[in-house]
Amino acid sequence: MPEVLLTRGVQCRDRVCTRLQAQQNGSAPPGKLHFDQGVYGNPTVKSTLVGAQHQKCCYCESIIGSAGDIEHFRPKGGVQQSASEPVEAPGYYWLAFEWTNLLLSCKPCHQLYKKNLFPLRNPQRRARKPSDPLSREKLLLIDPAAMEPEDYISFRREVPYAVRGNRIGKSTLEVLQLHNRTDLNDRRRTHLESVIQMRVVVDLAKLNPKNLRLRKAARRAEAFLVRALSDAGEFSAMTKAARAAGLF
């Protein structure tokens, strides 16, 4: 965990909690809580997330490098059960500087789709203050840092679907629109076609072992396939599903 979260992060959390308590007992004027972005978005926090997530968005698996946003899995300032319902404030303010609540996300996933959405099976059991146990919440959103996304979402070619129609997978797709984003589906399709073509090159080289140029191309293709199937590969969940389905 980055040191800044253990030092300044703890101080910021305590200040936010104290401020909210003062607002609630009337000793401070109402208003938005201030969350110091210089702490939860500190370069050491971001670089650690970039490394841990292989430079990929935590939700859509696009390669984003350090260009992504710091995402609060449980929204800090306000929270929404669904897009048709109002934002309730405050959100999970005490988790704004909590390492386990921070992820790296691409800007579309963070700013256009996820935003304040955090659906629960029973919103009446939502944690509202630090002493409320998070364990009583039944999530309807995949936590990519604590759950195995492939248990809930798989792919038919480039299009994601909820495994056996499970509710968490369906809700995650709906919140992030992972199945309805044309640009994202187009990029996944292009990537999958590249993977399939690389497999063709490898197979051709096996049929023509005396073709040195083809053998050289096959070595590059094999390296591409190894990376594509690793956790570091862009859209690796889709690639692994395509492999399991025998597409290459």
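Tutor: Helices (H or I, at least four residues) and strands (E, at least two) are DSSP runs, numbered from the N terminus. With that numbering, the part to look at is the loop between helix 4 (43-52) and strand 1 (69-72), where Glu-61 is found. The model is predicted, so local features need pLDDT of at least 70 and side-chain atom pairs count only at pLDDT 80 or more, while totals for chains, interfaces and linings use all residues. Residues are numbered from 1 along each chain as its sequence is written, and side-chain values use heavy atoms, leaving out hydrogens and water.

Glu-61 is buried, with 17% relative accessibility; buried means under 20% relative accessible area, exposed over 50%, and partly exposed in between (1.4 Å probe, protein chains only). The side chain of Glu-61 has a polar contact of 2.8 Å with the side chain of Lys-56. Such a contact is a pair of N or O atoms within 3.5 Å; within protein, one must be able to donate a hydrogen and the other to accept it, and residues adjacent in sequence count only if both atoms are side-chain atoms. A polar atom of the Glu-61 side chain also lies 2.9 Å from the backbone nitrogen of Ala-237.

Ser-62 sits in this loop between helix 4 and strand 1 too. Ser-62 is buried, its relative accessible area being 4%.

Glu-234 forms a salt bridge with Arg-187 (3.9 Å, N to O). Glu-234 lies in the loop between helix 8 (212-229) and helix 9 (236-244) and Arg-187 in helix 7, so the pair ties together parts that are 47 residues apart in sequence. A salt bridge here is a side-chain nitrogen of Lys or Arg within 4 Å of a carboxyl oxygen of Asp or Glu. Glu-234 is partly exposed at 23% relative accessible area, and Arg-187 is partly exposed at 37%.

Asp-231 and Lys-240 are joined by another salt bridge, at 2.8 Å from N to O. Asp-231 is partly exposed, with a relative accessible area of 48%, and Lys-240 is partly exposed at 34%. In total, the structure holds 13 salt bridges.
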